[in-house]
Amino acid sequence: MIVYASKKYKKEEVLNVLHPLVSEWFNKKFESLTPPQEYGIIPIFYNKNVLVSSPTGTGKTLTVFITILSKLFKMAYENTLEDYVYAVYISPLRALNNDIYRNLEQPLYEIHELAKERGYDIPKVRHAVRTGDTPSYIKHKMLKKTPHILITTPETLAIILVAPKFREKLRKVKWVIVDEIHSLAESKRGSHLSLSLERLTELSDNQICRIGLSATINPLEEIAKFLVGYNDDGTERDCVIVDTRYSKKKMLRVVTPIEDLIHTPTEITSQKMYEILFDIIKKHRTTLVFTNTRSGTERVVFHLKQLAKKSKGCIKVDQIAAHHSSLSRNVRFEIEEKLKKGDLKAIVSSTSLELGIDIGYIDIVVQIGSPKSVTRCLQRIGRSGHQFHEKSKGILVCIDRDDLVEDAVMVKEAYKHHLDKIHIPKKPLDVLAQHIMGMSIEKKWDAKDAYRVIKRSYTFHNLTYSEFKNVLKYLSGSYSTLESYKVYGKIWFDKKEEQFGRRGKYARVIYTLNIGTIPDEVDVKVFTINGKYVGNIEEEFLERLSPGDRFVLGGKVYEFVKSKGMKAYVKPAFEQKPTIPSWFSEMLPLSYDLAIKIGMFRDQIFKWIKKGEINRIKNYIKRECKTNETATNAILNYFLQEYLYLKRLGIKEFPSHKVILVEKYIDDMGRLYHIFHTLYGRRTNDALAHALGYLASEKSRSNIGLAVHDNGFALIYPRGIEPKVDIRNLKSSKIEEILKKSIINTELMKRRFRHVATRGLMILRNYKGHEISVNKQQLSASTLLKVVKSFKDFPILSETFREILEDYMDIEHAKEVIRGIEKKKIKVIELPILHIPSPFAHNIVLEGLSDVVLLEDKRQILERFHEIIMKQIKEDMKILYEKT
């Protein structure tokens, strides 16, 4: 049963349950308890499973460890502390593991010294980090002097579960702590960990107390279920949720440097933005700036350093630094150390500083553009004001009208504590294959017994026995055709006795060298069809390409022809416009929940415009969305332009979460854009666009282009071809089947199949210590994909489809939208053919022209659209303002 902690404990009550030595140390160190400590310490003391959700800097870590330290020191005092691991701490980041190790050093040393002062000769409570970086001689030492608190990562835990000697040291584990559980749960690393926890539970002689630590996340009940899983009889395990997510005060503001985001030239807009940013940095001790892309991070750092040079020494160039995942670990570590020492005035990051690694004091966070979800916004802003009593301060700076509306609604929802729902992958069969091989190394298993253990995991609770047996069948080499492609059985499986076990003397080596869920990332080399090397692109970018797509590389436009392994082949298209922006692969998708809230905001604002209540709108936006004057006016004008333009066309209902506006716009080249205002976020729109695009291509027998945006999508028809499909042609019962047909021959399918095949041990990344290049892996994957397409219910193929449809796209919400249309809860309003798209459609149409090289082109097109629309509605706008 999942319950919320309702009893708030006083400091005296906490001190009374702790061991006297730990109680004395804690009392000296801390004047009072923080909210997570008031609600969380006692349930953990009584061995309850506990999920603690609280902002950074509220004492979450101590909430967990004070009880564990108390019980370990009690064992030391009673001389019952043995050479076993009692507590396992797991986090997704090695840097966070090192922080925890350092943070535990002080209490462990000081409590031990206090014991000496009081005349007690007790053994030391030991702690150690064990990850892929740990040298083998240190691992060997751990067998003799075992750490009582083991600090590790999900991957290393899976490896030590099959380490013949060290796994015996896990038989007395009493506590497992999963830190940053929200970031693990939403990926396959979390699915992987959930199975490791069940295997550890099976191994340990004790009933393990599970503790999860999370920043701001929603829904907490689902994260709690993910943490604790199920009992053997299928009932939910108990968990106490300590919900102190809103215990810290916050201050959020939305600003735009200029009111007119259309006519102001790009360089002036950028200059004003950097001036605002530089001014914020000057006024604060340390500023953390978030961008949404690594390229954006580098751009911001470059411009800030240019301003620092001109600032006559008030900020030095070396006080500004970038931090993102493309930088080497050593460089990131140096920057983190500088931050901790207070040597930096500004640090600019994409996503790498979202998680709780210790980066010292940050007094304000600036977000450039939209973080795309309320939860991510609060997690980022929560990095400021690291002490509990300090306010988390954040400023969101926008230079795009859609970003501005997103940020305004996001801040409004953040103050109402409305968070986006997390997406947890369900039943990833590639992860299951890895664990079945791991289990086979431990011992010979009865299949039903192994299935019982696996079904206890929240992620795999709905796994059917036939799905489980299909994975056993695949892993045991039952698909004999695959042997000629060097895919061999990894386990033996006796179908009659329903038992399985390890196969071959290299099983453990193969397993430990190929474990994990994060795919190898390498750049794809780009060549012309004549074999001339052009440059590199990221694999994620290649996933989005279809033959005929054009993109910018090295300042020139190229057209994608095909790929082979990790090579892409292109032909020059220098005189043409790109159709795919260069940073497309890095763009964060707008969350479905926030998209719905923006739809509701649209609905409300349009109702007030209808009534002529302009002042009411301005006051509402300023008050609820915390916008400055320029941002307020920019949002209002954007809505007025859409309203008045559509009204002139005789439209009485306006785009929102309940109204899908459909436009047809013909561009200068004669191409027809069939635009659907589906404001449901890019993952949902990806599913809708691919399904409808497939139907359109089938009916018109031509290649239909796609432009997918958070606020809608467009099907782009070549000159002379008329649209023959409509969003109402999509059926909720058929969309899955259509989507599978639409993606089977794409780059996305080829790449994702490789990822799934390597996770599922069909393609090895490392064989007996020899690394297999990603190029070879991809070539193997492309060949194998052709072979397995004919296999019925083949787990690796099934999982590739599931990953693309459920994790990469959002098929469930796409079905929800289609059901809304089918039940007439969502209206579809069609416009006649236009020569200018409506203002809300501008960014959808220009999705393919977003490349940095052609920003000026984009600006000119926007200006042209805007001027034509303003000519048509200028008088109407004037009348509306005069009325108020």
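The loop between β7 (209–214) and α10 (220–228) contains Pro219; here helices (H or I, at least four residues) and strands (E, at least two) are DSSP runs numbered from the N terminus. Pro219 is joined to Asn218 by a cis peptide bond, with omega about -10°. The structure is a predicted model, in which local features need pLDDT of at least 70 and side-chain atom pairs count only at pLDDT 80 or more, while totals for chains, interfaces and linings use all residues. Residues are numbered from 1 along each chain as its sequence is written, and side-chain values use heavy atoms, with hydrogens and water left out. A further backbone feature occurs at His417, which has a positive phi of about 65° although it is not a glycine. His417 is located in the loop between α15 and α16 (429–442).

The protein chain comprises 31 helices and 29 strands. Its radius of gyration, 29 Å, is close to the 29 Å that the globule rule gives for 884 residues, so the chain is as compact as a globular protein of that length; the radius is taken over C-alpha atoms, and the rule is 2.2 Å times the number of residues to the power 0.38. Along the principal axes, the C-alpha atoms fill a box of roughly 90 × 65 × 55 Å.

Helices α21 (residues 592–610) and α23 (residues 629–648) pack at an angle of about 75°, and their axes are 10 Å apart. Axes are lines fitted to C-alpha atoms, for helices over the stretch in contact, and angles run from 0 to 180 degrees between N-to-C directions. The angle makes α21 roughly perpendicular to α23, a term that covers 65 to 115 degrees, whereas angles under 35 count as roughly parallel, over 145 as roughly antiparallel and the rest as oblique. In this contact (heavy atoms within 4.5 Å), Phe601, Arg602, Ile605, Phe606, Ile609 and Lys610 of α21 meet Ile635, Phe639, Leu640, Glu642 and Tyr643 of α23. The contact residues divide into eight nonpolar, no polar and three charged; Ala, Val, Leu, Ile, Met, Phe, Trp, Tyr, Cys and Pro count as nonpolar, Asp, Glu, Lys and Arg as charged, and the others, Gly among them, as polar.

Arg602 and Phe639 also line the second largest cavity, together with Asp402, Val405, Glu406, Ile598, Tyr638, Leu679, Asn711 and Phe840. A cavity is a set of points on a 1 Å grid over the protein atoms alone where a 1.4 Å probe fits but cannot get out, and lining residues have an atom within 4 Å of a point. Grid points are joined across faces, edges and corners, and a volume is the space filled by probe spheres set on the points. The second largest cavity holds about 70 Å³ of space. Helix α15 (401–415), α21 and α23 each supply at least two of its lining residues, and α15 gives the largest share, three residues.

Among the 14 residues lining the largest cavity, Pro55, Thr216, Arg245, Leu378 and Gly382 are the closest to its centre.

Methods. On a 1 Å grid over the protein atoms alone, a cavity is a set of points where a 1.4 Å probe fits but cannot get out, and a pocket is an open set with protein on both sides within 12 Å along at least five of seven lines; lining residues have an atom within 4 Å of a point.
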